[in-house]
Amino acid sequence: MRFPLALTTKIAGHIIKHKLRRTPRFALVLQLEPLHTCNLTCTGCGRIREYSTSLKDMMSLEDCLASAEECDAPMVSICGGEPLIYPKIDELVDGLLGKGRLVYVCTNGVFMRRKMREYLASIYTTSLEPTLAKLASEKLLTEKEAAVIRHGKSDGRPSIQPTPWMYWNVHIDGLEYTHDLIVEREGVFQECVEAIKMAKLLGYQVATNTTVYKETDVREIEDMFKFFSWLGVDGHTISPGYDYDAAKKDMVKRLGKDPKDFFLTRDMTREKFKDIERWGKHFTIFGTPVYQEFLAGKRELTCTAWAIPTRNVKGWKAPCYLMTDGHYPSYREMLERVDWNKYGVVDGLARDSRCENCMVHCGYDPSGALGTNYRRGDNWKNFKYNFWPRPRPYAEGGKVQAFNGASLGKGHLAEAKAALQANSASNGHPGHPKSAGQDCCAAATVSSDRLTVEDAAARKIGQG
Ligand code: SF4
Ligand code: SF4
């Protein structure tokens with residue numbers, strides 16, 4: 001089977017229950033954002049920009065769990081911000097699993113290995129030594145980190161453990177060069193790969209989560225699938241990048257670029273995704289085949305944004321993950337008070353001009369599962385996609401040149417770093433402050449790196 005039976009049964013049962021009750025609108029996936037703080041500043045991320053004035057705010061654990069209870073979605077995607085920064089992330093995952101939810105932890109991967117070391121410490125006995133040795137031999141664990149694990153964990157808190165009911169959902173937007181450019185930091189891709197290797201070695205389920213932008217080369221995305229499939233990743237979420245308000249404003253203000261050069265129109269999306277059904281045969285792409293047909297331009301769907309509601313520090317965000325016309329105190333109130341007929345694209349006509357180019361997963365994937373715009377044979381297609389054997393790991397994936405950037409000294413900052421170094425040498429500067437451990441210079445370096453990254457990103461985007 002492509003997806004574990006228990007999960008498929010749970011989701012199908014949830015849909016059938018509501019269909020029998022004739023519930024007009026209900027949730028399939030809760031997008032839970034306990035906080036918007038993030039350690040990265042990815043190009044195209046509207047989240048950290050839209051909520052820039054409340055980055056320090058966070059939801060209480062009780063609020064998070066009550067939100068899951070209230071909307072009753074069988075799947076909860078914990079996102080943000082970076083959810084691994086949330087101080088109660090372990091309790092949150094544990095609490096949601098305790099409520100029988102399928103949990104996705106959507107992460108940029110930077111803190112994943114730390115969380116898995118905490119898990120190892122919580123279960124440490126000498127019988128774990130072969131696992132530690134294996135991790136060390138793969139250079140996924142240092143001796144110092146192994147020593148900390150051997151001390152065990154006695155704070156009484158839960159840890160994030162491998163289970164078929166939880167996925168690490170790792171943000172990956174391309175191979176090394178592209179990904180590091182988009183997340184605006186070199187080394188992040190490499191860290192993600194190491195975290196994924198460690199996770200698979202420890203028995204976690206892992207998915208990748210990719211946004212396709214105008215400048216994305218789809219051949220690279222296919223190579224990315226091959227590489228991560230070969231690494232044993234369990235599935236891939238892929239969605240078109242859409243020019244929602246906050247990301248658009250940031251693009252203009254911070255990078256001085258026209259959003260049209262970066263985000264996709266509907267026609268461009270269809271062109272980029274024309275091979276998605278073929279990808280679905282070779283790789284475990286999450287999302288219904290009906291949504292895949294929609295992305296490939298073979299059919300229209302009606303937006304069902306209410307099926308993937310977003311709950312964050314300000315309340316229930318309406319109408320969708322991308323657009324904000326208001327926040328409501330409860331899911332029920334949001335369902336009742338929002339005029340859902342004002343949004344989406346119906347028969348090619350945008351009801352709201354802001355929806356015109358949107359084909360994103362959080363608006364349209366549930367439409368495929370819920371049978372809006374139903375066509376004969378759709379149920380069989382969805383059934384077959386779920387129950388047919390899962391594609392095997394891509395045998396040739398190891399041949400993909402995934403590390404084509406910073407690890408070869410060819411990252412997007414390479415030129416700028418060389419220029420800085422040449423400048424330092426001619427000024428008699430003692431060298432790179434980070435490697436010299438000179439904290440007094442670190443802030444200056446970070447900010448000059450940051451400017452260089454922004455400049456590099458702007459130049460790259462300008463090529464689109
Ligand atoms: S890691 Fe996620 S939340 Fe953080 S900046 Fe990137 S896209 Fe935004
Ligand atoms: S089409 Fe739906 S998901 Fe897309 S922006 Fe409009 S309301 Fe949001």
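Asp72 has a positive phi of about 60° although it is not a glycine. Lys139 likewise has a positive phi of about 60° without being a glycine, and Lys139 is exposed, with 9 other C-beta atoms within 10 Å.

## About the model

This is a predicted model, in which local features need pLDDT of at least 70 and side-chain atom pairs count only at pLDDT 80 or more, while totals for chains, interfaces and linings use all residues. Residues are numbered from 1 along each chain as its sequence is written, and chains are lettered from A and ligands numbered from 1 in the order in which they are written.

## Cis peptide bonds

A cis peptide bond, with omega of about 15°, joins Gly80 and Gly81, and another, with omega of about 5°, joins Ala318 and Pro319. Most peptide bonds are trans, and most residues other than glycine have a negative phi.

## Surroundings of the ligands

Ligand 1 is surrounded by 13 residues, of which the closest are Cys38, Leu40, Cys42, Cys45 and Asn108; a residue is counted here if its C-beta atom, placed from the backbone, lies within 6 Å of the molecule. Around ligand 2 there are 14 residues, the closest being Cys303, Cys320, Cys355, Cys358 and Gly363.

Methods: Buried ≥ 20, exposed ≤ 12 C-beta atoms within 10 Å, placed from the backbone.
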